[in-house]
Amino acid sequence: MEAFMRADQYQFIKKQAKKLVNGHSAANDPAVLKALKAMVLESVIALFSTISDEQKLVLESIIDVNDQEKADIYIENLQPYVTPFQTTEPMVKKLFPKAKKIKVPSLDHMDLLGTSYLSWFDPGTNKKYLVTKLDDQWIGLQGSFRPLNKKGICALCHQYEDVGMFLVEEKGKVQGTFTKRGNYICRDAEVCNQHIVTLDHLGEFIDRVKK
Ligand SMILES: [Zn+2]
């Protein structure tokens, strides 16, 4: 069976498995647990607009998760079915044709499973970069990043985290001009990716800054 779930769906399922672990440690009432299992299963299946019996079988075993160990095994078994964030340094560089001196972090040693977007700060160009794939299209954003020295709501994952202002520079309508639009996003892209359980907010952010 081929990979059939996106990184955000994988993260969503991981959170559902965690819900079951917490539920089992908090409640002993079989009716409560039964309801929780049904709710979790329904929300996991609902992620996919089309689903084969084989895929369903893989997902359905979530209802057997009743402790952390079982959750870990379940999650591990899902991993072959997660579409990896596959890109290369030349591909990333192509997204930023003007940034000649851009340094792309080494992708070989990065754990890209569960990654919806890649982001890094390049001290050489003094810019933050963000690369993602939405609707089968690769998108690259670049801009300034100023950490806010307190927590705030991240525009990409909607969680309360350490954030900073990411001001994306886009070419203006008049040649040689730029527009800057942005929002607060997580300082740590790895943490952010773990919170991304839907691509809606990432898509909205991109739509807004690319206007
Ligand atoms: Zn975030």
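The model is predicted: local features need pLDDT of at least 70, side-chain atom pairs count only at pLDDT 80 or more, and totals for chains, interfaces and linings use all residues. Residues are numbered from 1 along each chain as its sequence is written, and side-chain values use heavy atoms, with hydrogens and water left out.

Begin with the whole protein, displayed as a cartoon. Its secondary structure comprises 7 helices and 5 strands; helices (H or I, at least four residues) and strands (E, at least two) are DSSP runs, numbered from the N terminus. Along the sequence the order is α-α-α-α-α-β-β-β-β-β-α-α. The C-alpha atoms fill a box of roughly 65 × 40 × 30 Å along the principal axes.

Next, select Leu-141, Leu-156, Ile-185 and Phe-205. Of the 23 residues in the largest nonpolar core, these touch the most other members. Such a core is a set of buried Ala, Val, Leu, Ile, Met, Phe, Trp, Tyr and Cys residues joined through side-chain atoms within 4.5 Å, where buried means under 20% relative accessible area (1.4 Å probe, protein chains only). Elements that each supply at least two residues of this core include strand S3 (137-153), strand S5 (178-186) and helix H7 (200-210). H7 gives the most, with 4 residues.

Now centre the view on Leu-156.

Finally, select Ala-17, Leu-20, Ala-71 and Tyr-74, which are among the 22 residues of a second, separate core.

Terms used: Buried < 20%, exposed > 50% of the residue type's maximum accessible area, 1.4 Å probe, protein only.
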